Amino acid sequence: MLQISGADTGFVLVAAALVLLMTPGLAVFYAGMVRSKNVLGTLMQSFILIALITLEWVYIGYSLSFGPDIGGLIGSLAWFGLKGVGSAPNPDYAATIPHLAFMIYQCMFAVITPALITGAFAERMKFGPFLVFSLLWTVLVYNPVCHWVWGAGGWLKALGVLDFAGGLVVHLACGAAALAAALVIGPRRGYGHENFVPHNLPMTLLGTGLLWFGWFGFNGGSALAANATAVGAFVATHLGGMAGMAMWVGVEWLHRGKPTTLGAASGAVAGLATITPAAGFVSPNAAVIIGLLAGGLCYLAVAKKARMGYDDALDVVGIHGLGGIIGTLAVGVFASRAINPGGADGLLNGSFALLGSQAIGIVAVGLYVFGLSWVMLTLIDKYMGLRVAPEAEDQGLDLSEHSETAYGA
């Protein structure tokens, strides 16, 4: 008979609260980087998803993501409205906590993932079409990908793909969708000719701190128990974040001649995103290497963005998308059964097979998410119009979409 652990349950509930905090933290992080006329519109896009995606998750999303498997592709609706999801543990996912605790923990991941995408189309998408896209994207993209990678019977999970806390499910998925969104909706008015200066970098740094704090729940909590794996993931998370920040600032200093606070914030988030899939599978030293790779490579990707001709306003593709790819491949290189017996050995520990599985996961998730996101955005644009009118964009989303101002007259 399965025995519920009070310690594990308390740990997972605190971790769930930390992951929830990340969505308001993300809102503040993004809002500091936009112009003052778009602050409330940017904040609102993240905040409203707490309500919208939670409702989706409770009624169909959790069942589609983690419910009884259908062909390795999707969960059934057997758990519609949380039917049968109660205080007893579900051994397929976590044997020492109530099934309901696992459900609410995973809910917070579902909430933040579409919120991350909003950075790509900041300052120019209409609120109504944004809600439609976010809901459809969660049902048709996030839920299936979540089942593939984490669901009992998911085909990528069966293939041996490892994703400790969301390198594929969260970061690559939001990055691929962000690229599709930036291409379909087009650049901001004046992009390439005007200098889009962040209006409040202290706000962005505060958001970075909230994200970093919440990330300990994101990664550490993915152990689903207060155990050694959680400790290792917690330590790896901090080391990845600090290494990413240090490398980004160092490269920026050499490249541009000055280190910036925006660079420090971006580097920290790049390191945190990149260590996410590997956090519970790698040693502390490997976590530092992964963070350093993230800081350097994600900086280069963001620096080359303008030459590639798309306006990913807040660098979702270069930080989260690329970070998810780097981290997922790093699992295939650095993972060790000595660190996590429930994982696998990577290339440096004598096995090439895991690296191949990780590459298959990247290709499958990247192509599926980008392709379906492109189709959804194109159809919504055709029938609803994704973008605010030029005069509304000049006025700003705060007034044109919400009839409010952040800082008064």
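A residue counts as buried when its relative accessible area is under 20%. Keep that cut-off in mind as we tour this structure, which is a predicted model.

Let's start with Cys-146. Its relative accessible area is 0%, so Cys-146 is buried. Cys-107, with a relative accessible area of 1%, is buried as well. How many disulfides does the model hold? The count comes to 0. A disulfide needs two cysteine sulfur atoms within 2.5 Å. For Cys-107, the nearest cysteine sulfur belongs to Cys-146 and is 11 Å away.

**A helix with a kink**

Now find helix H2, which runs through residues 39-66 and has 28 residues. The C-alpha atoms at its ends are only 36 Å apart, whereas a straight helix would reach 40 Å at 1.5 Å a residue. Where is the kink in H2 centred? Look at Trp-57: the kink there is about 65 degrees. Trp-57 is also buried, because its relative accessible area is 0%.

**Aromatic rings**

The structure holds 23 aromatic pairs.

| Pair | Distance between ring centres | Angle between planes | Kind of pair |
|---|---|---|---|
| Trp-57 and Phe-66 | 6.2 Å | 80 degrees | edge-to-face |
| Phe-66 and Phe-102 | 5.1 Å | 85 degrees | edge-to-face |

Phe-66 lies in helix H2 and Phe-102 in helix H3 (residues 99-117), so the pair ties together parts that are 36 residues apart in sequence. Are these two residues buried or exposed? Both Phe-66 and Phe-102 are buried. For Phe-66 the relative accessibility is 1%, which is why it counts as buried.

Trp-57, Phe-66 and Phe-102 form one aromatic cluster together with Tyr-62, Trp-79, Tyr-93 and Tyr-142.

**A charge over a ring**

Which residue lies over its face? Arg-188 does, at 4.3 Å from the ring centre of Phe-196.

Technical notes:
Residues are numbered from 1 along each chain as its sequence is written. This is a predicted model: local features need pLDDT of at least 70, side-chain atom pairs count only at pLDDT 80 or more; totals for chains, interfaces and linings use all residues. Side-chain values use heavy atoms; hydrogens and water are left out. Helices (H or I, at least four residues) and strands (E, at least two) are DSSP runs, numbered from the N terminus. The expected span of a helix is 1.5 Å times one less than its number of residues. The bend at a residue is the angle between axes fitted to the seven residues ending there and the seven starting there. Rings of Phe, Tyr and Trp (its six-membered ring) pair if their centres lie within 6.5 Å; planes under 30 degrees apart count as stacked, over 60 as edge-to-face and the rest as tilted. Buried means under 20% relative accessible area, exposed over 50%, partly exposed in between (1.4 Å probe, protein chains only). A charge sits over a ring if NZ of Lys or CZ of Arg is within 6 Å of the ring centre and within 35 degrees of the ring normal.
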